[in-house]
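Q: I would like to learn how to read a fold feature by feature. Can you take me through one model?

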Amino acid sequence: MKITFILLAILLLINIIFSVLQNRFDWWLIYFVALMAYFVSVPLFFQVQKRNSTLNFQNRYCEIDENFFAVFYEDGSIVKLNYSHFIQVTKKADYYFLYMTKGQFHYLPVAAFESEKDIHRFDLFLQSKQLIKLW
């Protein structure tokens with residue numbers, strides 16, 4: 001985008017200089033000037049807004065029991081989710097995705113578990129809640 005903008009600015013400047021030297025004005029030059037004005041003004045209208053909560057970037061830890069999936073954040077806030085809030089769980093080699101909607105999930109790394117036994121118990125627990133299929 002920047003290269004295109006710089007190239008268009010150089011071509012616009014060259015065309016303006018030639019049109020002044022030849023004492024003529026091309027109508028397509030107006031379109032070119034308007035296009036340059038558009039490129040300059042668009043970023044002013046679309047300010048990038050912060051969409052991610054600062055909670056997503058705080059240190060946190062999870063506790064898992066039979067009823068709740070709890071996330072404890074560094075600032076003292078707690079998020080407790082009942083397993084009925086999850087619609088699906090996807091397990092990969094290094095992580096779990098606990099989906100609440102098709103686009104919103106909680107990331108749970110496998111490295112967060114203390115042992116293979118804990119991972120296996122969590123898998124069986126998710127299977128009992130019908131959130132994951134192991135076979």
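**Reading the model**

A: Start with its origin. This is a predicted model.

Q: How many helices and strands are there in the chain, and in what order do the elements run?
A: The chain has three helices and six strands. Read from the N terminus, the order is α-α-β-β-β-β-β-β-α.

Q: What share of the chain counts as buried?
A: Of the 135 residues, 25% count as buried. Contacts give a second view. Among contacts with a separation of 6 or more, 26% join residues 24 or more positions apart.

Q: How do I read a helix, and what is the case for H1?
A: Compare its reach with the expected span. H1 covers residues 2-21, 20 residues in total. From first C-alpha to last, H1 reaches 29 Å, close to the 28 Å expected at 1.5 Å a residue.

Q: Which residues of H1 are buried?
A: Begin with the general idea. An α-helix has 3.6 residues a turn, so residues three or four places apart point the same way. In H1, Leu-8, Leu-12 and Ser-19 are buried. These residues cover an arc of only 40 degrees around the axis, so they sit on the same side of H1.

Q: Which exposed residues does the face of H1 turned away from its buried side carry?
A: That face carries Lys-2, Ile-3, Leu-7, Leu-13 and Leu-21, which are exposed.

Q: Where does H3 lie, and what is its reach?
A: H3 spans residues 116-128 and has 13 residues. Its first and last C-alpha atoms are 18 Å apart, close to the 18 Å expected at 1.5 Å a residue.

Q: Which residues of H3 are buried, and which are exposed?
A: Buried in H3 are Ile-119, Phe-122, Asp-123, Phe-125 and Leu-126. Seen down the axis, the buried residues fall within an arc of 165 degrees, so they line one face of H3. On the other side of H3, Glu-116, Lys-117 and Ser-128 are exposed.

Q: What do the buried residues of H3 pack against?
A: They pack against four strands: E1 (60-64), E4 (88-91), E5 (95-99) and E6 (105-109).

Q: Now a single residue. Where is Ile-64, and what is it in contact with?
A: Ile-64 is in strand E1. Set aside neighbours within four places in sequence. Then Ile-64 is in contact with Phe-69, Tyr-83, Leu-108, Phe-113 and Phe-122. Phe-122 is one of the buried residues of H3.

Q: Why does Ile-64 count as partly exposed?
A: Its relative accessibility is 34%, so Ile-64 falls in that class. The class lies between the cut-offs of under 20% for buried and over 50% for exposed.

Q: How far is Ile-64 from Leu-81, in sequence and in space?
A: Ile-64 and Leu-81 are 17 residues apart in sequence. In space they are 9.9 Å apart, C-alpha to C-alpha.

Q: How do I read the largest pocket, and what is its volume?
A: Take volume, then lining. The volume is about 430 Å³. The lining has 18 residues, of which Arg-60, Cys-62, Val-71, His-106 and Tyr-107 lie nearest the centre. E1, E2 (68-73) and E6 each supply at least two residues of the lining. By class, 13 lining residues are nonpolar, three polar and two charged.

Q: What should I look for in the backbone?
A: Most residues other than glycine have a negative phi, and most peptide bonds are trans. Just after H1, Asn-23 takes a positive phi of about 55 degrees. Gln-130, in the segment after H3, has a positive phi of about 60 degrees although it is not a glycine.

Q: Is Gln-130 buried or exposed?
A: Gln-130 is exposed, with a relative accessible area of 70%.

Conventions. Residues are numbered from 1 along each chain as its sequence is written. This is a predicted model: local features need pLDDT of at least 70, side-chain atom pairs count only at pLDDT 80 or more; totals for chains, interfaces and linings use all residues. Side-chain values use heavy atoms; hydrogens and water are left out. The expected span of a helix is 1.5 Å times one less than its number of residues. Buried means under 20% relative accessible area, exposed over 50%, partly exposed in between (1.4 Å probe, protein chains only). The arc is that of the directions from the helix axis to the C-beta atoms. Contact means heavy atoms within 4.5 Å. On a 1 Å grid over the protein atoms alone, a cavity is a set of points where a 1.4 Å probe fits but cannot get out, and a pocket is an open set with protein on both sides within 12 Å along at least five of seven lines; lining residues have an atom within 4 Å of a point. Grid points are joined across faces, edges and corners, and a volume is the space filled by probe spheres set on the points. Ala, Val, Leu, Ile, Met, Phe, Trp, Tyr, Cys and Pro count as nonpolar, Asp, Glu, Lys and Arg as charged, and the others, Gly among them, as polar.
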